[in-house]
Amino acid sequence: MMAVADPERRGQLLVAAAAVAWSTAGPVQRAVGAPAPTQAAIRAGAAALALTAYLVVRRRRATVAAFRSVGRAGIGVAIGVAVASSSFILALGSTSVAHVLLFQAIAPFLAALFAWLLMRERVLARTWIAMATALAGVAIMVGGSLGGGGLQGDLLSLLMSTAFAGVLVITRRHREISMTPATALGMLISFAALAPFAHPGVLSALDWTMLAALGLGMILFTAGARLIAAAQAGLITLLEVVLGPLWMWLIYREQPDGLTLAGGTVILAAVLAHAIADLRPAGLAARADAS
């Protein structure tokens, strides 16, 4: 029994640690103060190096073969990861951390919608209800941005969620894809696209350290997510959505406006209720039937 429980507990802790690491992106982005393309390029480069090092430790001589084995679907995943990662950092420079993270929370619902449209994968009734509820929450938040300067950031956040949803759909269709080399390739693509616009000379040693540390979240998540159920991993990563705005309030006194709080509450309620339902025995059985 312990042999089963120990890896599961380890997976839970690793995914939780990844969520905590990712939740610091907002404070780090504000503390560094460098242009968003510079921050995104350094973060992507550090993540690419860290993931490659992780692959070398795990695969050793088979590392090159692991990169070659991703195929066209893996390249699609890499491009999606690159777009999502870059949009995330760029959005943080244009709108509130709360908006970015709450848009991120709707990605699984977008994935379900895309899977239904492209693959005719059956969508459960509760998923349709959760998607409609989350969409209402997004509409509330975006409505508050129309009169301000956060609309560009919201659009980038939507691009981030859409790209990540595409990644989820591809990996669901092609289960043979190894996510670690595909994600490393995605970070490399992101770095190559943003490097010409980056100015690393403006960064201090502390800036470099903080941006590089954000890449650790990818390693933690990759190592932990394979040990637990997808629904459980999704539920644990909601820590990022909760902690991100909390850090901004504690450190910078950045308090979300009323519409963000209202829309965010609607989104979180939809995501949390759906994730909890997925973890129940009846929910797991229904999910298996749908797949």
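This report describes the aromatic pairs and the charges over rings in a predicted model.

The structure holds two aromatic pairs. One is made by W22 and F221, whose ring centres are 5.4 Å apart. Their planes stand at 45 degrees, so the pair is tilted; planes between the stacked limit of 30 degrees and the edge-to-face limit of 60 degrees fall in this class. W22 belongs to helix α1 (residues 2–23) and F221 to helix α12 (residues 216–225). W22 counts as buried because its relative accessibility is 14%, and buried means under 20%. F221, at 25% relative accessibility, counts as partly exposed.

The other pair, W116 and W128, is edge-to-face, with 5.1 Å from centre to centre and 90 degrees between the planes. W116 lies in helix α7 (residues 107–119) and W128 in helix α8 (residues 125–145). These residues are 12 apart, and the pair links distant parts of the chain. W116 is partly exposed, with a relative accessible area of 31%. W128 is also partly exposed, at 34%.

Charged side chains sit over two tryptophan rings, as the table shows.

| Charged residue | Ring | Distance from charged end to ring centre |
|---|---|---|
| R120 | W116 | 5.5 Å |
| R253 | W249 | 4.9 Å |

Technical notes: Residues numbered from 1 in each chain as written. Predicted model: local features only at pLDDT ≥ 70, side-chain atom pairs only at ≥ 80, totals over all residues. Heavy atoms only, no water. Phe/Tyr/Trp six-rings, centres within 6.5 Å; stacked < 30°, edge-to-face > 60°. Helix = DSSP H or I, 4+ residues; strand = E, 2+ residues; numbered from the N terminus. Buried < 20%, exposed > 50% of the residue type's maximum accessible area, 1.4 Å probe, protein only. Lys NZ or Arg CZ within 6 Å of the ring centre and 35° of its normal.
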